[in-house]
Amino acid sequence: MNKDDVLNLLRSSRSGHVSGAALAAAMGVSRTAVWKHIKTLEREGFAIEAVPSKGYRLTASPDVIVVAEVKQGLVTKTIGKEIMHAGEVESTNTLAMNLAQKGAVDGTVVVAESQTGGRGRLGRTWTSPAGNLYMSLILRPAVPISKAPLITLMGAVAVASAIRKLCGIPAGIKWPNDILLSGKKVAGLLTEMSAEPDRIRHIVLGIGVNVNMDRKSLQPDVRRTATTLAAAMERPVDRTILLRTLIAELDLWYHRFLKRDTEVLTAWKALNVTLGHRVTVSGGGAKMEGLARGVDAEGRLMLELGDGTLRQVSAGDVTIMKEKH
Ligand code: BTN
């Protein structure tokens, strides 16, 4: 029994008030222990009124993710059985890699309110103020290393599907794993792996979703090409429900991936906004232009160059040019 249980009891009280004695009895602890949990909740930003004859009443909640609330009604096979929540961290991916090394179970979710050193693809930084979603997922799939890139595509499918389900807006995927709304980036994924020559030890799938932040927090060059869910919906979006929906979708798609990975590729293709377009791909100082023909079984982009040859691209940044072929 902990402070989250006190919070749940306060939230589910019909009259609003719950006496200290009732809380203590429900939790099987002393009234002093209840009082200590109340004080902890207050330090976290919850406003709790104490009325002598009636007991405690929750009057305001801070906008922080509460694990017990995320888990409410959440039924999954693997993802999110363990959820670890932190306030500010350097990077949830770094934290998750450390936890994975120490033996954290398959499907562990690490979520933070903000990051001081959020990392993006291709060595970029990921601006991470409070108000968004920053999560990393620890996975231990028993699949060959060659299948690892498909995990990122699987994650992109889950993020796009969760946004579509929750917000009813047509999120699309730009190769390999940028989630776009009307051409602007709303979420990104960063996969990191620890492996032996022939075996995956663990994979950390990091997901950053721009939810409620003020777009002014973004660097001006990023601001032009990025958006938030709140901007698209014209109202703030509940991060707890978003995280719950996302975990459910990740669980669904992770198990589809483990059973038959071709299903992930089919879903990725259906959600993608890259294929069939002329694109430029930059990365590692080089830039190529061509027609995005398809993705191969391992998620590489098949780019048709000007001379008609096909080039397999494993990493890079895609810019979509206007006309479709
Ligand atoms: C991208 O460049 O598009 C990938 C961005 C990934 C950001 C997420 S936020 C949670 C996790 N922790 C990190 O440091 N990065 C990822």
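**Ground rules.** I am working with a predicted model, in which local features need pLDDT of at least 70, side-chain atom pairs count only at pLDDT 80 or more, and totals for chains, interfaces and linings use all residues. Residues are numbered from 1 along each chain as its sequence is written, and side-chain values use heavy atoms, with hydrogens and water left out.

**Domains.** I looked up the domain assignment, whose bounds come from an automatic or database source. I noted domain 1 (3–60), domain 2 (67–271) and domain 3 (278–320). Taken over C-alpha atoms, the centres of domain 1 and domain 3 are 57 Å apart.

**Cores.** I took a nonpolar core as a set of buried Ala, Val, Leu, Ile, Met, Phe, Trp, Tyr and Cys residues joined through side-chain atoms within 4.5 Å. Buried means under 20% relative accessible area, exposed over 50%, and partly exposed in between (1.4 Å probe, protein chains only). The largest nonpolar core has 67 residues, and Ile-179 and Leu-229 touch the most other members. Helix H6 (residues 148–167) gives the most to this core, 13 residues. I use helices (H or I, at least four residues) and strands (E, at least two) as DSSP runs, numbered from the N terminus.

I then listed the contacts of Leu-229, a contact being heavy atoms within 4.5 Å. Not counting residues up to four places away in sequence, Leu-229 touches Ile-163, Cys-167, Ile-169, Leu-181, Val-186, Val-209, Asn-210, Val-211, Val-237 and Leu-242. I also found a second, separate core of 15 residues, which includes Ala-24, Met-27, Leu-41 and Leu-58.

**Largest pocket.** The search used a 1 Å grid over the protein atoms alone; a pocket is an open set of points where a 1.4 Å probe fits, with protein on both sides within 12 Å along at least five of seven lines, and lining residues have an atom within 4 Å of a point. Grid points are joined across faces, edges and corners, and a volume is the space filled by probe spheres set on the points. For the largest pocket I noted a volume of about 1,200 Å³. Of its 50 lining residues, Arg-124, Lys-174, Asp-178, Lys-185 and Thr-225 are the closest to the centre. Strand E15 (residues 317–324) gives the most to this lining, with 6 residues. I counted Ala, Val, Leu, Ile, Met, Phe, Trp, Tyr, Cys and Pro as nonpolar, Asp, Glu, Lys and Arg as charged, and the others, Gly among them, as polar. On that basis the lining of the largest pocket has 22 polar, 16 nonpolar and 12 charged residues. Domain 2 (67–271) and domain 3 (278–320) each supply at least three residues to the lining of the largest pocket.

**Second largest pocket.** Its volume is about 400 Å³. I found 19 residues in the lining, with Pro-149, Thr-152, Pro-176, Ser-314 and Ala-315 nearest the centre. H6 and strand E9 (184–196) are the elements that give two or more residues to this lining. By class, the lining of the second largest pocket has 10 nonpolar, 6 polar and 3 charged residues. At least three residues of this lining come from each of domain 2 (67–271) and domain 3 (278–320).

**Backbone.** Most residues other than glycine have a negative phi, and most peptide bonds are trans. I noted a cis peptide bond between Trp-175 and Pro-176, with omega about -5°. Pro-176 sits in the loop between strand E7 (172–174) and strand E8 (178–181). Leu-122 has a positive phi, near 55°, and lies in the loop between strand E5 (109–115) and strand E6 (133–139). Its relative accessible area is 45%, so Leu-122 is partly exposed. Glu-234 also has a positive phi, near 60°, in the loop between helix H8 (229–233) and helix H9 (239–259). Is Glu-234 buried or exposed? Glu-234 counts as exposed because its relative accessibility is 73%.

**Thr-78.** I placed Thr-78 in the loop between helix H4 (67–71) and strand E4 (83–89). Thr-78 has 13% relative accessibility and therefore counts as buried. Leaving aside neighbours within four places in sequence, Thr-78 is in contact with Asp-106, Gly-107, Asp-251, Tyr-254 and His-255.
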